[in-house]
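Please read them with the structure open beside you.

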Amino acid sequence: MTMNREQVLGQVQGVLVDALGVDDDEVKPESTLMGDLGAESIDFLDIVFRLEKAFGIKIPREELFPAETLMNNPEFVNNGKLTEKGLAELQSKMPHTDTTEFAKNPDMSKLGDLFTVGMIVNFVQSKLKAA
Amino acid sequence: MRWIWIDKFIEFKTGVSAVAVKNVTLAEEHLHDHFPGYPVMPESLCIEAMAQTAGILVGEAKNFEEKVILAKIKKAVFHDCIRPGDSLRLSAKIESIADEAASTTGTITCGDKLIAEIDLMFSHIDQNLAGKEFPEDNFVFTDMFKSLLQGSVLKAGNG
């Protein structure tokens with residue numbers, strides 16, 4: 001399948017408008033899912049299901065949203081921040097995400113900011129390429 | 001009052017789809033207050049009836065081992081009112097199912113008339129909310145719901 005980034009973005013926007021009940025113009029590449037678009041935990045699953053359908057791909061949830069497995073491991077999280085090990089784990093699990101900015105102050109409360117519309121587009125593109 | 005808003009299943013395809021019926025009657029007390037002189041089935045209860053139809057379908061797909069909780073109403077569009085004497089047909093389909101959750105689509109019809117379209121998401125709560133503990137017992141699928149399924153599905157046949 002050959003879809004360019006614009007086309008993928010367009011479809012991802014459609015998925016998010018439906019899943020989160022937001023307006024078209026709210027869904028920009030830099031919008032954060034939780035902060036800007038008000039996504040809650042069940043919405044992540046809804047988004048995964050809808051993406052699978054829209055693009056005909058299979059998405060293990062921990063691949064797109066690996067935060068939960070990190071959060072519950074004391075080796076990875078200490079005092080509300082990701083440890084070095086945790087950070088390395090995050091980077092290896094989220095190759096489709098730029099974590100440079102987050103790594104400067106890896107506070108768990110900021111982890112949500114990594115989940116942006118653009119990050120989903122990157123993820124879908126990598127999946128489509130692999131398919 | 002028993003909190004069951006469907007009367008029986010007439011079709012059941014494991015992991016795929018189910019059809020339940022619900023006969024609305026003036027003997028249901030809430031209809032006398034909703035509304036006095038103009039009884040209509042509350043739309044919230046239509047959603048509950050669909051949640052029971054689709055929820056049992058989702059639960060049965062994993063042999064009732066998961067605690068299946070209604071997590072999100074993705075869509076609820078109503079085209080008409082439901083009145084006493086109406087025989088409703090609730091059709092639910094599993095759209096996606098994973099370890100953690102399932103999403104379903106559904107319609108409520110009365111005769112040929114489309115009354116409502118209701119799409120839902122269910123969470124398997126033991127697989128989510130990691131770290132939180134829930135009772136061992138499956139408090140969702142009580143004997144009440146299971147007996148509803150057994151009685152009617154055996155008759156309807158499991159396709």
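1. Start with one term. A residue is buried if 20 or more other C-beta atoms lie within 10 Å of its own, and exposed if 12 or fewer do. Keep in mind that this is a predicted model.

2. Now look at helix α1 of chain A, residues 5-20. Which of its residues are buried? They are L9(A), V12(A), Q13(A), V15(A), L16(A) and A19(A). Seen down the axis of α1(A), the buried residues fall within an arc of 165 degrees, so they line one face of the helix. An α-helix has 3.6 residues a turn, so residues three or four places apart point the same way. On the other side of α1(A), E6(A) and Q7(A) are exposed.

3. What do the buried residues of α1(A) pack against? Their partners are α2 and α7 (117-130) of chain A.

4. Just after α1(A) comes G21(A), with a positive phi of about 65 degrees.

5. Chain A is assigned two parts: domain 1 (1-59 + 115-131) and domain 2 (66-112). Their centres, taken over C-alpha atoms, are separated by 21 Å.

6. Next, the contact between the chains. Chain A supplies nine residues and chain B supplies 13 residues. On the chain A side, helix α2 (residues 41-55) gives the most, with six residues. By class, that side has three nonpolar, two polar and four charged residues.

7. The largest nonpolar core has 60 residues. M50(B) and L90(B) have the most contacts inside it. Helix α2 (residues 43-61) of chain B brings the largest share, nine residues. Leaving aside residues up to four places away in sequence, M50(B) touches L90(B), A92(B), G106(B), I108(B), I118(B) and L120(B).

8. Finally, some backbone points to check. Most residues other than glycine have a negative phi, and most peptide bonds are trans. A cis peptide bond joins H34(B) and F35(B), with omega about 0 degrees. F35(B) sits in the loop between α1 (30-33) and α2 of chain B.

9. N79(A) is not a glycine, yet its phi is positive, about 55 degrees. Its loop lies between β1 (77-78) and β2 (81-82) of chain A. Is N79(A) buried or exposed? N79(A) counts as exposed, because it has 7 C-beta neighbours inside 10 Å.

10. N63(B) also has a positive phi, near 50 degrees. N63(B) is in the loop between α2 and β3 (68-78) of chain B.

Notes
Residues are numbered from 1 along each chain as its sequence is written. Chains are lettered from A and ligands numbered from 1 in the order in which they are written. This is a predicted model: local features need pLDDT of at least 70, side-chain atom pairs count only at pLDDT 80 or more; totals for chains, interfaces and linings use all residues. Two residues are in contact if their C-beta atoms, placed from the backbone, lie within 7 Å. Helices (H or I, at least four residues) and strands (E, at least two) are DSSP runs, numbered from the N terminus. Ala, Val, Leu, Ile, Met, Phe, Trp, Tyr, Cys and Pro count as nonpolar, Asp, Glu, Lys and Arg as charged, and the others, Gly among them, as polar. The arc is that of the directions from the helix axis to the C-beta atoms. Domain bounds come from an automatic or database domain assignment. A nonpolar core is a set of buried Ala, Val, Leu, Ile, Met, Phe, Trp, Tyr and Cys residues joined through C-beta atoms within 7 Å.
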